[in-house]
Each structure stands twice: as C-alpha cells, then as structure tokens.
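Thanks for coming, everyone. Let me walk you through one structure. Please have a look at it first.

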Amino acid sequence: MDHGHMGGMASPPSPPSSTMNGSNGMMHHEMMMHMTFFWGTNAQVLFSKWPGSSTGMYYVCLLFVFALAVIVEWLSHCRLIKAGSSDVVCGLAQTFLHAIRVGLAYMVMLAVMSFNVGVFLVAVAGHTVGFLLFGSRVFKKPDPEDEKGSDLPPMSC
C-alpha cells in the first residue's frame, strides 16, 4: 500500500507560486498569501483576486478601505434618530445601525489582515480622518443640552 512515500521518504512539496496545468502544459500562477507585513501593489484584499496585480485597482482598493473606515467613524458619532421617536422604532433603528457599523468595521479588519502596509495605513488614516470630522470638536461644537453624543455606544474591543 503506497501512501505517496518513496522508500520511507516524503516527497518534497510543490512550489506554491506556480503549477503546471496537465491538460495543455501551460503554467498558471497563483497568488501567495502573506503572513507578515509587506509593501507592494500585488495584493489580495477582501475578495478573491482583488485588486490583483493591477496598480490602478490597488489604488481603488485603498480608496475603498479608507472610505469604509471613515463611514465606521461616522456611524460611531452620528445622530440620525430623531428625539421623541417611539422606543421600539429607536431600538430597531439603533440595532440596524449597530449591525451596519460592526459589519463595516469587520470588513476593515479583514482588509488589514491582507498584511499589506498600504491597506493598513489607509485604514488607520480613514479612522483618523473620520474621527477628526465626526468625533472631535474641530467641526462639531458640543451642545450643552445634549447629554448623549451619538445614537450608538462606543465600539467595544
């Protein structure tokens, strides 16, 4: 009974970067997953083969991650629910907003898990700009009559 071993020795693993297609003999390249931070535009972020090796799509990806992080900060500091609404409507609206915020925050986290330094930097920059615009006192003066700053509680870590 042969289990793929020759004379008690294991066969060497095949290289992950390219494989030979047996039907037509053509080489086909696979993306390598990084487990440490790396610089470069050849990445895979959030979706299979996206942005791939296209530099233009890499910059679209960076813009997308930046926008996601800004939106997470906006949702963390926004006031969309009108005062005086019924408790059931408020509770359902808060639950919906919370689900959207958590989902987008997890998407940012998954993008950062691509280990691409550019993605990491734009995620941090997006959260920073979002907080500056929506959470700091630079563009929003505190209302002394407003005891609650946003519709949602702070994100828990």
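Start with helices α1 and α3. They pack at an angle of about 35°, and their axes are 7 Å apart. Keep in mind that this is a predicted model. Why those two numbers? Because two packed helices are described by the angle between their axes and the distance between the axes. The crossing of α1 past α3 is right-handed.

Who touches whom here? On the α1 side we have Tyr58, Leu62, Val65, Phe66, Ala69, Val70, Val72, Glu73, Trp74 and His77. On the α3 side, the partners include Val119, Val122, Ala123, Gly126, Gly130 and Phe134. How do the residues of this contact divide? There are 15 nonpolar, 5 polar and 1 charged.

Let's pick one residue out of that list. Histidine 77 sits in helix α1. Its relative accessibility is 22%, so histidine 77 counts as partly exposed. Now look across to glycine 130. In sequence, histidine 77 and glycine 130 are 53 residues apart. In space, C-alpha to C-alpha, they are 9.3 Å apart.

Next pair. Helix α2 covers residues 87-112, and helix α3 covers residues 117-134. Their axes come within 8 Å and cross at roughly 150°. That makes α2 roughly antiparallel to α3. The crossing of α2 past α3 is left-handed.

Val108, Ala111 and Val112 come from α2. They meet Val119, Phe120, Ala123 and His127 in α3. The residues of this contact divide into 6 nonpolar, 1 polar and no charged.

Now the core. In soluble globular proteins, nonpolar side chains tend to be buried together. How many residues does the largest nonpolar core have here? It has 21 residues. Val45, Val65 and Val119 have the most contacts inside this core. Helices α1, α2 and α3 each supply at least two of the core residues. Which helix gives the most? That is α1, residues 55-77, with 8 residues in the core.

Stay with valine 45 for a moment. Leave aside its neighbours within four places in sequence. Then valine 45 is in contact with Trp50, Pro51, Cys61, Ala111, Ser114 and Val119.

Tryptophan 50 and proline 51 are joined by a cis peptide bond, with omega at about 5°. Proline 51 lies in strand β6, residues 51-52. As background, most residues other than glycine have a negative phi, and most peptide bonds are trans.

Where is lysine 49? In the loop between β5 and β6. Is lysine 49 buried or exposed? Its relative accessibility is 67%, so lysine 49 counts as exposed.

One more residue of this kind. Phenylalanine 115 is not a glycine, yet its phi is positive, at about 65°. You will find phenylalanine 115 in the loop between α2 and α3. Its relative accessible area is 25%, so phenylalanine 115 is partly exposed.

To recap. Helix α3 packs with α1 at about 35°, and crosses α2 at roughly 150°. Over to you for questions.

How values were computed. Residues are numbered from 1 along each chain as its sequence is written. This is a predicted model: local features need pLDDT of at least 70, side-chain atom pairs count only at pLDDT 80 or more; totals for chains, interfaces and linings use all residues. Side-chain values use heavy atoms; hydrogens and water are left out. Axes are lines fitted to C-alpha atoms, for helices over the stretch in contact, and angles run from 0 to 180 degrees between N-to-C directions. Helices (H or I, at least four residues) and strands (E, at least two) are DSSP runs, numbered from the N terminus. Angles under 35 degrees count as roughly parallel, over 145 as roughly antiparallel, 65 to 115 as roughly perpendicular and the rest as oblique. A crossing is left-handed if the near helix is turned anticlockwise from the far one by less than a right angle, and right-handed if clockwise. Contact means heavy atoms within 4.5 Å. Ala, Val, Leu, Ile, Met, Phe, Trp, Tyr, Cys and Pro count as nonpolar, Asp, Glu, Lys and Arg as charged, and the others, Gly among them, as polar. A nonpolar core is a set of buried Ala, Val, Leu, Ile, Met, Phe, Trp, Tyr and Cys residues joined through side-chain atoms within 4.5 Å. Buried means under 20% relative accessible area, exposed over 50%, partly exposed in between (1.4 Å probe, protein chains only).
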